[in-house]
Amino acid sequence: MSGLDGEAPLRPRTSRRAAGSLYAGNARSVVYRGWLATKSTNWLVVVSGVFEPVFYLLSLGVGLGGLVGQVTAGDGQRIPYAAFIAPALLATAAMNGAVYDSTWNVFFKIRFARLYEGMLATSLGPVDVAVGEISLALLRGAGYAIAFMIVMQLVGLNLSWWALLGLPAVLLVAFAFASLGMGITSYMRSFQQMDIINFVMLPMFLLSATFYPLTVYPPPIQVVIQALPLWQSVELVRSLTTGSVSAGILWHVLYLVAMAALGMTVTTRRLRALFLD
Amino acid sequence: MSFAWVTLDTVSSPVIVASDLVKRYGEVVAVGGVSFEVAPGESFGLLGPNGAGKSTTMRMIGAVSTRTSGRLEILGLDPDRYGPEIRSQLGVVPQSDNLDEELRVRENLLVYGRYFGMTRAHVSGRADELLAFAQLQDKAKAKVTDLSGGMKRRLTIARGLMNDPRILLLDEPTTGLDPQARHILWDRLFRLKEQGTTLVLTTHYMDEAEQLCDRLVVVDKGAIMAEGSPSSLIRRYSSREVLELRFGADRNAEMADRLRDAGDRVEALPDRVLVYTADGEGELARLTDAGMRPITSLVRRSSLEDVFLRLTGRSLIE
């Protein structure tokens, strides 16, 4: 048990030293842990998240949609109201799944469960932990999105074959929100501060041209809305599911990639500062 | 295994070398220049009161805290540069349990092994071995929150052994446990020591240090006050026996003054007077003959507590 028979000396792996001892290439063990924990404790909470966007779609898309009729999408095409809001709900589902895991769950793990302290006492580095936890949040967001996408297909709200690309798109959305969510959470110290996240999320959901076109707003406000990550996500997904695709959607992709990169960088730095001082 | 590696790792070379190790948090000096070495297979203790800098030292050895200055080598490597490599060879038992409460008992071991990159088959076998070692076979599927304090500690130690570490770091392993749980734990640690695992532990319990440590340093306010084996420290800084006398709270100081010349040395505490002497019973008889009437008296063997009192003028648990 002592390792008397395993006295091989430590061999410094110079190839990895460049990474500044931040990454052991073992993020999958963090994902494995998350899967075990979800399986045994809170799978019901996780599953309940699937239904939220479906209820929105039924009440607003079908119910309210009956009154609204058709709306004009970005490229001037006339589409049913339900097909207009469904991609927005899809993007929001991905966002919510990712944000829930990467904010409240991560907050609890940092401040109370001291989970990361335990992880970082092993050969894992902060990048392993960040990638692992963000992957979990991403998987959750993706799970919600795929379930909702199937509902959209069944109800006939995917108007184009481009909708297939909607799946990688929502993965990117989930990744961007999970990274930034975890980065921001690492600065949070109290429940009161965590409430700020809810305070930001709800208005963003309602105002990001989710339920009506951007053109409703006066031009100066349009600029503000366009800067929001959810607007970027909704536009990207909506272009794909409604089939009004142009090269312009690459800007949304770029925005989300930059957001994910920023989130990863901040998260790694913060984990290092918090647990490897 | 190549020849070069063998020469690097001769049996006698220390597994931990610290010299002038300093850790500052802003203006606060947590560790103020400590130097020590730990040999392979040795059981080494850091003894001191709360806030002495023990845990900070442990965190630096555990490669999760970077030093402000000084030299530190763990298994021949600098923890600033080779954190993951060093941590892969350490077992860590932190001061307060940080078990994964979302996982069951056995799952805690499985997952922890996976953090070290061990294969599924390997962690499974190892987990069963260690559940037996920690006497927790019956609890394999239990929730961590349902375990007693002693069981949680044993599970934390089992977890720390998953990667078959060359050094096991224990930060106050038995603080907060009842006497029975402590003895079970000491027994387990003693077995590890017999098997040749290098143990580094901090404690503020004298009996623990005397039970487990081959050698220890007494730390106070971030600095080392003394170093040696428990018995040599007692020999050097204390007498063979101690006579404890209680005269009542208001008379202790006055009586200590009258006892000035008794034994080798006299220490007046608020609640009692300690007389350090080679022969406690003899000294007590002499004092009684001289007409002193303590309310209670007790002769005991000298302990590390006395060493600490001598060195710092304070008791260890305050």
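Contact here means heavy atoms within 4.5 Å of each other.

I am working on a predicted model, in which local features need pLDDT of at least 70, side-chain atom pairs count only at pLDDT 80 or more, and totals for chains, interfaces and linings use all residues. Residues are numbered from 1 along each chain as its sequence is written, chains are lettered from A and ligands numbered from 1 in the order in which they are written, and side-chain values use heavy atoms, with hydrogens and water left out.

**Entry 1: Ile16(B).** I looked up what this residue touches. Leaving out residues up to four places away in sequence, Ile16(B) touches Phe36(B), Glu37(B), Val38(B), Ile61(B), Leu72(B), Glu73(B), Ile74(B), Ile167(B) and Val200(B).

**Entry 2: the cores.** A nonpolar core is a set of buried Ala, Val, Leu, Ile, Met, Phe, Trp, Tyr and Cys residues joined through side-chain atoms within 4.5 Å; buried means under 20% relative accessible area (1.4 Å probe, protein chains only). The largest core has 151 residues, and Tyr116(A) and Ile16(B) have the most contacts inside it. Helix α4 of chain A (residues 81-113) gives the most to this core, 17 residues. Helices (H or I, at least four residues) and strands (E, at least two) are DSSP runs, numbered from the N terminus. Domain 1 (9-89 + 165-225) and domain 2 (98-164) of chain B both give residues to the core, so it lies between them. The domain bounds come from an automatic or database assignment. Another core, of 12 residues, lies apart from it and includes Leu243(B), Val273(B), Val275(B) and Leu287(B).

**Entry 3: a sheet in chain B.** I found an open sheet of four strands with antiparallel pairing, in the order β11-β12-β10-β13. Two strands pair if DSSP finds at least two bridges between them. β11 (265-268) and β13 (296-301) are the edge strands, each pairing on one side only. β10 (residues 241-246) and β12 (residues 273-277) pair over five bridges. One of the residues I checked was Glu244(B), whose bridge partner in β12(B) is Leu274(B).

**Entry 4: helix α11(B).** Helix α11 (residues 280-289) lies across β10, β12 and β13 of chain B, at about 35° to β10(B). Axes are lines fitted to C-alpha atoms, for helices over the stretch in contact, and angles run from 0 to 180 degrees between N-to-C directions. Its buried residues are Gly280(B), Gly282(B), Glu283(B), Leu284(B) and Leu287(B), and the buried residues of α11(B) pack against those strands, β10, β12 and β13. Just after α11(B), Gly291(B) has a positive phi of about 95°.

Conventions:
Buried means under 20% relative accessible area, exposed over 50%, partly exposed in between (1.4 Å probe, protein chains only).
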